[in-house]
Protein chains: 2
Amino acid sequence: MASWCRGVRAVLLDVSGVLYDSGGPEGGAAIPGSVEAVSRIRQAGLKLQFCTNESQATRGQFVRKLQKFGFIISEEEVTAPGPAAKRLIEERGLRPHLLVHDDLLPEFASVDKFEPNCVVIGDAADNFSYQNVNKAFRVLVGLEKPVLISLGKGRYYKETDGLMLDVGAYMKALEYACDVTAEVVGKPSPNFFLSALDTMGVKPEEAVMIGDDVVNDIGGAQSCGIRAVLVRTGKYRPSDESHPLVTADGYVDNLAQAVDFLLASGTAAS
Amino acid sequence: MASWCRGVRAVLLDVSGVLYDSGGPEGGAAIPGSVEAVSRIRQAGLKLQFCTNESQATRGQFVRKLQKFGFIISEEEVTAPGPAAKRLIEERGLRPHLLVHDDLLPEFASVDKFEPNCVVIGDAADNFSYQNVNKAFRVLVGLEKPVLISLGKGRYYKETDGLMLDVGAYMKALEYACDVTAEVVGKPSPNFFLSALDTMGVKPEEAVMIGDDVVNDIGGAQSCGIRAVLVRTGKYRPSDESHPLVTADGYVDNLAQAVDFLLASGTAAS
């Protein structure tokens, strides 16, 4: 039995690249075997939380998209950076300038945005025009104490037709231009993983994270004491298995194989 | 006499923010006193080279724009990163994918761009759309040994209506996304300053650089042994005078005042 299966009571699942690949006219496609794999996790009585850096949509829209692909999933099972950023903004009385995807805007509808004193950057995709990025830059550079909040810091993700630059690249651009360090909400921030565990009521050593991003999923989870398994789907590249800083607790071909291992280990019965 | 004036035989001038501020319907406006200041440098018999990271146009277009503002300037007097990058590409047999301003494309017209094995990034301004930046990213990430050549690494510059993100921000985005370090052609690269000195036939200690960018103009020149003076025009901000890493040899209100100092020191007569 693979040691990463031992005593697992809860599973944290990354979504893009593990459950589905985004992109294309239908918004993406489920990765073969993953719909059944999610169901088998549920049937085995394991706790489950979807831990995503997705910031192109509200949680509601995101869940509806996954349901359309056949996944059984509810909003309460999703830990996402948008709502986490909203909580942080409200706690600190910040007024954000938003550089995010149009579909994420409703998440911040109730937030005061007058005379912004911080910038929130998400995976804005085509909204990352020069004019829009420059507008966010001007807000930041005009602040006495610039605050930049980034919804994740991923480098890129995979769509059906190829790799796409993620929010981390634009976060770095603004960090450099304004000489600030962003506060990252989302993976690999430890608070983000711990909040997902808290929702399930389990300890780090009782959970396993399954993801396709060696730094944000695997390294992030491990830094909180959560075991982590890399799938060879999504943005996975063979060089990830010899990453200079991060070694996963296990490597599997895809989510279906990870669940095969988990269930074969008798985890569910323990 | 200010010590930065002593024994000066040659002047290196930054252009944007020193001679003029770019932007607006006319392409910018001369900074008051700077047209006359350039003429006074010439009349005093000092050698002169314009040392710019401008990459939004060919040298020819750039010179014609400055002539329209009233400056006396010729193409041979301009050291610019576009031609320097072209030389580098040809020496190394590289085939570039270009992420640059449309007006710079003619500079690379004769270069083989089939099946690119490097990316050249310049100040592309509105060409920095998400799609274009992503295309450059895909080229880089698909190369076994990614080569990224950046025309300068400025953070921002000033246009008539405000600050604008410069190429450095997008260079950082691609560096992060592809885990590469860009080769910078242009200021603050020592080779770039030395090539400008070479053109004039003077030694570093005989020249002074005048610029508005504390890191790229002042720090860059000083790293080659060239004295450097910061003007309080262009993108200058008061905090530049207490920069943690760079202290200019002098601070002046504008180019006109720098030339006042130089001529008062009797430099021209020596």
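Helices and strands, as the terms are used in these legends, are DSSP runs of at least four residues (H or I) and at least two residues (E) respectively, numbered from the N terminus. The views are taken from a predicted model.

View 1. In chain A, Pro188(A) belongs to the loop that lies between strand S11 (183-185) and H6 of that chain, and the peptide bond leading from Lys187(A) to Pro188(A) is cis, with omega near 5°. In chain B, Pro188(B) sits in the loop between strand S11 (183-185) and H6 of chain B, where the peptide bond from Lys187(B) to Pro188(B) is cis, with omega near 10°.

**View 2. The open parallel sheet of chain A.** Six strands of chain A, in the order S5-S4-S1-S12-S13-S14, make up an open sheet in which the pairing is parallel. Strand S5 (78-79) and strand S14 (250-252) of chain A each have a single partner strand and stand at the edges, so one side of each is left without a neighbour in the sheet. Helix H6 (residues 190-200) of chain A lies across S1, strand S4 (47-51), S5 and S12 of the chain, and runs at about 150° to S4(A).

View 3. Strand S1 (residues 10-13) of chain A is joined to S12(A) by four bridges in a parallel arrangement, and Leu13(A) has Ile210(A) as its bridge partner in S12(A). Four bridges also join S12(A) to strand S13 (residues 227-231) of chain A, with the two strands running parallel, and Val208(A) stands opposite Arg227(A) in S13(A). From S12(A) the chain passes through helix H7 (residues 214-222) of chain A to S13(A), a β-α-β crossover that is right-handed. H7(A) lies across S1, S12 and S13 of chain A, and runs at about 165° to S13(A).

**View 4. Arg237 in the loop between S13 and S14 of chain A.** Arg237(A) is found in the loop that lies between S13 and S14 of chain A, and with 13 C-beta neighbours inside 10 Å it counts as partly exposed. Although Arg237(A) and Val214(A) are 23 residues apart in sequence, their C-alpha atoms are 9.6 Å apart in space.

View 5. Ala125(A), in the loop between strand S7 (118-121) and H4 of chain A, has a positive phi of about 50° although it is not a glycine; with 20 C-beta neighbours inside 10 Å, Ala125(A) counts as buried. Glu115(B), in the loop between strand S6 (96-99) and strand S7 (118-121) of chain B, has a positive phi of about 45° although it is not a glycine, but with 8 C-beta neighbours inside 10 Å, Glu115(B) counts as exposed.

View 6. In helix H1 (residues 34-43) of chain B, the buried residues are Ser34(B), Ala37(B), Val38(B) and Ile41(B). Seen down the axis of H1(B), these buried residues fall within an arc of 100°, so they line one face of the helix, whereas Arg42(B) and Gln43(B), on the other side of H1(B), are exposed. The cover over the buried residues of H1(B) includes strand S1 (10-13), strand S3 (28-30), strand S4 (47-51) and helix H8 (255-264) of chain B. Just after H1(B), Gly45(B) takes a positive phi of about 80°. In helix H7 (residues 214-222) of chain B, the buried residues are Val214(B), Asn216(B), Asp217(B), Ile218(B), Gly220(B) and Ala221(B), and they pack against S1, helix H6 (190-200), strand S12 (207-211) and strand S13 (227-231) of chain B.

**View 7. The side of chain A that touches chain B.** Contacts between the chains involve 23 residues of chain A and 23 residues of chain B. Helix H4 (130-141), strand S10 (162-165) and helix H5 (167-178) of chain A are the elements that give two or more residues to the side of chain A that touches chain B, and the largest share, seven residues, comes from H5(A). By class, this side of chain A has 15 nonpolar, four polar and four charged residues.

Definitions and conventions: Residues numbered from 1 in each chain as written. Chains lettered and ligands numbered in written order. Predicted model: local features only at pLDDT ≥ 70, side-chain atom pairs only at ≥ 80, totals over all residues. Buried ≥ 20, exposed ≤ 12 C-beta atoms within 10 Å, placed from the backbone. Arc of directions from axis to C-beta. Contact = placed C-beta atoms within 7 Å. Pairing = 2+ DSSP bridges. Right-handed = clockwise from strand over helix to strand, strands pointing away. Nonpolar A, V, L, I, M, F, W, Y, C, P; charged D, E, K, R; others polar. Axes fitted to C-alpha atoms, helices over the stretch in contact; angles between N-to-C directions.
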